[in-house]
Amino acid sequence: MFKQKPLAAAVSMALWSLAVLPALAQTTATEGPMQTVEVTGIRASMAKSLNVKKNATANVEVITAEDVGKMPDKNLADSLQRLAGVAVRTDYDEAEKVSMRGTNPDMSLILFNGHAVSSGDWYVADQASSSRSASLSLLPSHVLNQAIVYKTSQANIVDGGLAGTINVTTRKPLAQKERLSGVISGGASYTTLPGKTAPDLNASVNWKNEAGTFGVIGQAFAEKRYMRRDSVSRFAYGTSSGWDVINTSTMLGITDASLAGTGLKAADLNGVRLPGSMSSEFVESVRDRKGGMLSMQWKPNADLDVTMTGFHSVMDANNHGRLTSSAIYSMLLGKNQPLGATAATSANTNSNGQRVYAQIRNPVIVNETTMYGNQLKVLKAADIVFPDGTTPQYVGNSEGFFRDGAQGSSSFLDLDGKYRVSQDLTLKTLLSTTRGVGKTDLDQGLTLARYGTGISYALGDLHDAPYVKYQGAGANQPGLNADGSGYTIVDRAASGVKTVDKEWSAQLDAEYKLNRGWFQSLASGVRFANHKRDSRRWGPAFRSGITVDAVTGRVTSATPTPTTGWVGYPGDFGDGLGGGFWDNTGFTYTPEATKAYIADNTKVTSEAFERRVSSEIDMRERQSSAYLMANLEGDRWSGDLGVRYVRTVVDAQIATPIPNPRTCQRAAPGQAPIPCAAYPGAISDAGDATAFFDGVPFNPLGGTMYYKTPTHKNFNNLLPSMNLRYEITSDMIARFGASRTIGRQNYNLLGSGFGTPGCDASGCKVTGPNPDLKPLTSDNLDLSWSWYFAPRSAVSVSVFHSSIDGYVKTGTVGTSTIDLTDPRDNTVKTFFINTSSQQGAKINGLEVSYEQPFGTTGFGFTSNVSRAKTKVDDGRPMVGASEWAGNLGLYFENDRVSTRLVANYRGEYVNSTTAPSPTANSQGLSTINGVLMPTAPTMAAPVTTLAFNASYNLTPNLIVSLDATNLTNVKRAYYRYSEEEQQKLDVSGRQFYVNLKYKF
């Protein structure tokens, strides 16, 4: 039988709907007369968006509320990714971060009603990363009135968008046609992977007085859905994480004898790349988003217009899951430390009194060409096994977690006023305040070590799960077996994090009409913003520790492994990941069992003692700006010419370790801080994760103590800009833009604390921030041509160039130093700070858009494709930059039916957090086979998603709609140097939404 692949099946289903629904509409229409319905759907939205784009001086993209209502979009990131030159980062199953023209999301500025909006992250890693990118998962698409994406800058646009600026406007009450109108929508969401249904509700009401001088819009939403993600990856613990190379001088089990019959000698395997682990991960979460918006507008006459808008959204996103991973690297090194440590002092394997090393049997080696052009070999398949007769040794881990109280929120309040002083002079003012919070009350989990005799694996296609089979490890469930195989608990962790981002701003703008030759008007303005970023972490104290025998690596403390309160992985785990036979079993403790275990093994101390100063970020940033811009117009041309002056003042309080741990005494929980003469700012009442076990005297000299070092930096930038628009004909427009834009560095690069000190023969180094990092600047050129050749039809081409100065380079050993204690001999020494530096980067790009209806049939299409070629001075790819992106949409609409099928493509890119650690080696160098080459980044492979929307007017006021996203249940694949080095593969299922909407 003919079997369609997922993409073909999804496209067939959606195209069948596009074909059948027009017939359904015609059949229904013959059943009785139909009332005249004003066209407000896809066709109206396209006309409106194209009209705004056509008349704009700058090169812009536009999306309107009508368009969003006919799109399968659930948040603003979903909507914006349909535009040329815009790409999104998708976390789990939802688009969240928006990037423009081949850059990462930190270089795009999101504005609401002309001001910045703070948005908290729901995911714990993002909460602690302190990125500048806004999470649009908190902002439902239906709050939008219009979004204008500025690809070229103007002097009167708020600074901070290095790659571009997106201004989202909300609806104004007096702009609505009816005195009283509204929409009530109710329905349900269903996600196939968790197999759960949740409610989906929203409503809005608009009222204005009879005189049309005062109006109110109120909107509320409550949208919930469940998610699940199935993954396989190379993640593990210690040195065994990720990829490394074979070294037969330390992996003594790899011998000529162990390779007998393979045609290989041990020396042939030296330098071959091998995965450090084979892992699988199961994660479940809920997305419960609630909030609303209230807008009031007062316009007593034609000269005065005042609008106040308030918005609040909060998303609860508790999540839990478990990771099952092997420890291939540890096995080959003969190390038995149950968290993967492979240092010389780490515990060795021990079988019947002898150290043993894992062997490599049945190796399959392939050649690869890395993205940098180097030739390497990869161990694609092998049996990693201990010699026959070996007792069970450490072969991997299982880590479970439950993130309780995971939540993100976003709020803003703005007051927008416009006053026409005279026929020639207009004043505008905008006052705003915004606050975003990302928090996890307690990220808690248990780590178990697994014991067995080996693991077999075979990496296959990039988009298929690898073959995996454990040997001699027993059933995949907690607890040890009589022969020593199985699982035992080796670690626990519990901590919370809260990051608050807030800003208040005030700006005043004036425009004076000149009407003198080319000079039509002169605009000027000033703006001040006070921005604060505060990130805190805390953690309870455990009642007892877990001790490990230094010789055998086995747990020696009385720490029972819970053998109840767990469940196996879902029976369909990994079904969407493909591949042949592989071990898709696993277990996870239930959230209730995890919470109970952590609660039983921790104790209440004090809020101050639970504080972890080392990871805190405490920053204040003041932004001041002023601009002057001339609006120009001549025969068939128009434009603007301006300059913006920007001053950025950054104050940070950097957590700095006290060099000698015996200098200051730490206060016991509940005690007052103990003054320290040597460091008056020492934070002595914070525990910073020091042990405080039951029955053990408190040690006031244990652990590392911190104080805060203030930094104060000023940066001044002058940002000129020019835009020219020329009407070749009334329907053919050419534009040119030139500008300098600014982007500010991520908060953690400027103000994170110090960590991971270490010394070797070359000296001592410690990771840390670089408060001297100046803002990024970019010199930009843009040339575009657009032809609006028919109603709702246009073709456009843009070419652009950006030259960036100040692009961050992580993992750099700087010249700054700090005094710390050498952990080897406990003496104070000078440490060089391993931090971030800056470099240049360039982007050259091309964008093409084409949209057109098919005559009077009701059918039509939209399409765009963009290419952004990036080049960083050090030769590495730019983080988050996709060279290719594109969209293709097909639609049908008449007075009764509206359908749309949209495909979105994003090319490969460096998949890194948008706020990389200042010490990450993602931009460092590694020596492989004696060749110094760039460290392999984690690359996200190209992905195409398919979404569908259909709505049917049961009556002029009652509409039923179906939305479907991720129709093909895409596999998101990741790799390292090349596709031969598969790094990760995950799926999250299809999402369906059914709603009944009533308009009045």
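## Burial terms and basis of the model

A residue is called buried when its relative accessible area is under 20%, exposed when over 50%, and partly exposed in between (1.4 Å probe, protein chains only). The model is predicted: local features need pLDDT of at least 70 and side-chain atom pairs count only at pLDDT 80 or more, while totals for chains, interfaces and linings use all residues. Residues are numbered from 1 along each chain as its sequence is written, and side-chain values use heavy atoms, with hydrogens and water left out.

## A nonpolar surface patch

F736 is partly exposed, its relative accessible area being 30%. This residue lies in strand 32, residues 732–743; strands here are DSSP runs (E, at least two residues), numbered from the N terminus, as are helices (H or I, at least four).

F736 belongs to a nonpolar surface patch that also holds L724, L781, L783, V799, L846, V848, V865, W884 and Y905. Together these residues have about 770 Å² of accessible area, by the Shrake-Rupley method with a 1.4 Å probe, where for residues only the protein chains shown count as cover. Strand 35 (776–790) and strand 37 (827–853) are the elements that give two or more residues to the patch. Patch members have over 30% relative accessible area and no salt bridge; nonpolar side chains (Val, Leu, Ile, Met, Phe, Trp, Tyr) are joined within 5 Å, and like charges within 9 Å. A salt bridge is a side-chain nitrogen of Lys or Arg within 4 Å of a carboxyl oxygen of Asp or Glu.

## Two disulfides

The structure has two disulfides, counted as pairs of cysteine sulfur atoms within 2.5 Å. Counting bonded cysteines along the chain, the pattern is 1-2, 3-4.

C664 is buried at 3% relative accessibility, and C676 is buried at 10%. The other disulfide joins C759 to C764, S to S 2.0 Å. Its torsion is about 110°, so the C759 and C764 disulfide is right-handed. C759 and C764 are both buried.

## Surroundings of S204

S204 sits in strand 9, residues 196–208, and is buried at 10% relative accessibility. Leaving out residues up to four places away in sequence, S204 touches R171, S181, G182, V183, G218 and Q219, where contact means heavy atoms within 4.5 Å.
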